Amino acid sequence: MINGTWNGFRELVLVDKSEVCPGIISFYFKSKDGGKLAKHTAGQFLPFKIKTDNPKYKDVIRTYSLSMFPNDELYRISVKKIDGGLISTYLHENLNIGDSIEAMIPTGLFTINNGSKNIPLVLISAGIGITPLLSMLYEESATRNNIQFIQAVQNSSIHPFKEDIDAIAKSRGIKNTIFYSNPLENDKLGIDYDYTGYVSKEYLKDNVDLNSDFYFCGPPPFMKALENSLLELGVPSDRIHYELFSNN
Ligand SMILES: Cc1cc2nc3c(=O)[nH]c(=O)nc-3n(C[C@H](O)[C@H](O)[C@H](O)COP(=O)(O)OP(=O)(O)OC[C@H]3O[C@@H](n4cnc5c(N)ncnc54)[C@H](O)[C@@H]3O)c2cc1C
């Protein structure tokens, strides 16, 4: 094993588990053999299967974006429980500290084009699509602050990683904008969130540097609308990058 890399499957052990917000749990894994892990590139995901003899779960592979600062000690994934979802439900309800998964090495092409540090970066997420964007924010904010971060969620009851993002944005002088599509009565516009509704073409036109590199992740209709808006606003397609959370 060189630099923590591996071929095939490697056993990782769950060392911590914590609720991010209702319906989303973060899972922290270390290698079972005590060796270093492969440092992922922000935006990549971890494909794995549960280590079990139960035929219902055995050999079922799912992929989850790594949601932490890239490192070679500890992986974090953050999983939304899907109604009727086989593996997300198993992870939420049955995977306990000390249990193992069998993971492939992190992979994926949804990563920042690092030839372009001088080009502003716009990171946009909706819902659980926050996970790869958060890892990108951790990594990129360490070396630059020409980043605009936009997070769309329903309301404050399911607003993952709000404090973490606020802290990075404040410490690095990064513009952080929050959209609530369905604010609660107690959610205060201008304090808890910045805009009601969805990330619209008009918003992008008036508030975002269109000469940026755009990276986004969220439900398919959100990404289609965003891609169409950016293209209509004249953003070249090679500046538009997104990840689909679909295994099909
Ligand atoms: C590259 C990539 C990265 C991903 N990263 C994350 C991540 O960071 N966090 C995370 O929570 N998930 C992530 N996913 C989604 C994850 O891999 C699973 O698809 C999801 O957890 C559902 O798996 P399941 O076994 O629970 O549901 P399944 O048993 O596969 O599906 C059960 C039902 O849910 C529907 N369904 C399947 N997937 C979804 C979905 N994503 N949204 C809504 N309904 C769905 C199916 O149509 C089916 O009706 C990612 C997917 C990909 C491809």
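Trainee: In which loop is Phe161 found?
Mentor: This is a predicted model, and Phe161 has a phi near 65°, a positive value in a residue other than glycine. Most residues other than glycine have a negative phi. As for its place in the chain, Phe161 is found in the loop between β8 and α3.

Trainee: What is the angle between the direction of helix α3 and that of β9?
Mentor: The sheet concerned is an open one of six strands, in the order β10-β9-β8-β7-β11-β12, and its pairing is parallel. Helix α3, residues 162-172, packs on this sheet and touches both β8 (147-153) and β9. The direction of helix α3 makes an angle with that of β9 of about 150°.

Trainee: Why is one side of β10 and of β12 left without a neighbour in the sheet?
Mentor: In the order β10-β9-β8-β7-β11-β12, these two strands stand at the two ends of an open sheet. One side of β10 (195-196) and of β12 (240-243) is left without a neighbour because both stand at the edges, where each has a single partner strand.

Trainee: Which residue in β10 is the bridge partner of Tyr180?
Mentor: Strand β9 covers residues 175-180 and pairs with β10 in the parallel sense over two bridges. Tyr180 has its bridge partner in β10, and that residue is Thr196.

Trainee: Which residue in β2 does Glu19 stand opposite?
Mentor: Here we turn to another open sheet of six strands, with the order β4-β3-β6-β1-β2-β5 and antiparallel pairing. Within this sheet, strand β1 (residues 10-21) and strand β2 (residues 24-31) pair in the antiparallel sense over eight bridges. Glu19 stands opposite a residue in β2, and that residue is Ile25.

Trainee: What is the phi of Asp59, which is not a glycine?
Mentor: The place of Asp59 is in the loop between β3 and β4. Although Asp59 is not a glycine, its phi is positive, at about 70°.

Trainee: How many residues of domain 2 are in contact with domain 1?
Mentor: The chain is divided into domain 1 (10-103) and domain 2 (121-243), and their centres, taken over C-alpha atoms, are separated by 25 Å. Counting the contact from both sides, 18 residues belong to domain 1, while the number from domain 2 is 15.

Trainee: What is the volume of the largest pocket?
Mentor: The largest pocket is lined by 44 residues, and those nearest its centre are Lys80, Ile128, Gly129, Pro219 and Phe245. The lining divides into 26 nonpolar, 15 polar and three charged residues, and domain 1 and domain 2 each contribute at least three residues to it. Among the elements that each supply at least two lining residues are β5 (75-80), α1 (86-94) and α5. The volume of the largest pocket is about 1,200 Å³.

Technical notes. Residues numbered from 1 in each chain as written. Predicted model: local features only at pLDDT ≥ 70, side-chain atom pairs only at ≥ 80, totals over all residues. Heavy atoms only, no water. Pairing = 2+ DSSP bridges. Helix = DSSP H or I, 4+ residues; strand = E, 2+ residues; numbered from the N terminus. Contact = heavy atoms within 4.5 Å. Axes fitted to C-alpha atoms, helices over the stretch in contact; angles between N-to-C directions. 1 Å grid on protein atoms, 1.4 Å probe; cavity = no way out; pocket = protein on both sides within 12 Å on 5 of 7 lines; lining within 4 Å. Points joined across faces, edges and corners; volume = space filled by probe spheres on them. Nonpolar A, V, L, I, M, F, W, Y, C, P; charged D, E, K, R; others polar. Domains from an automatic or database assignment.
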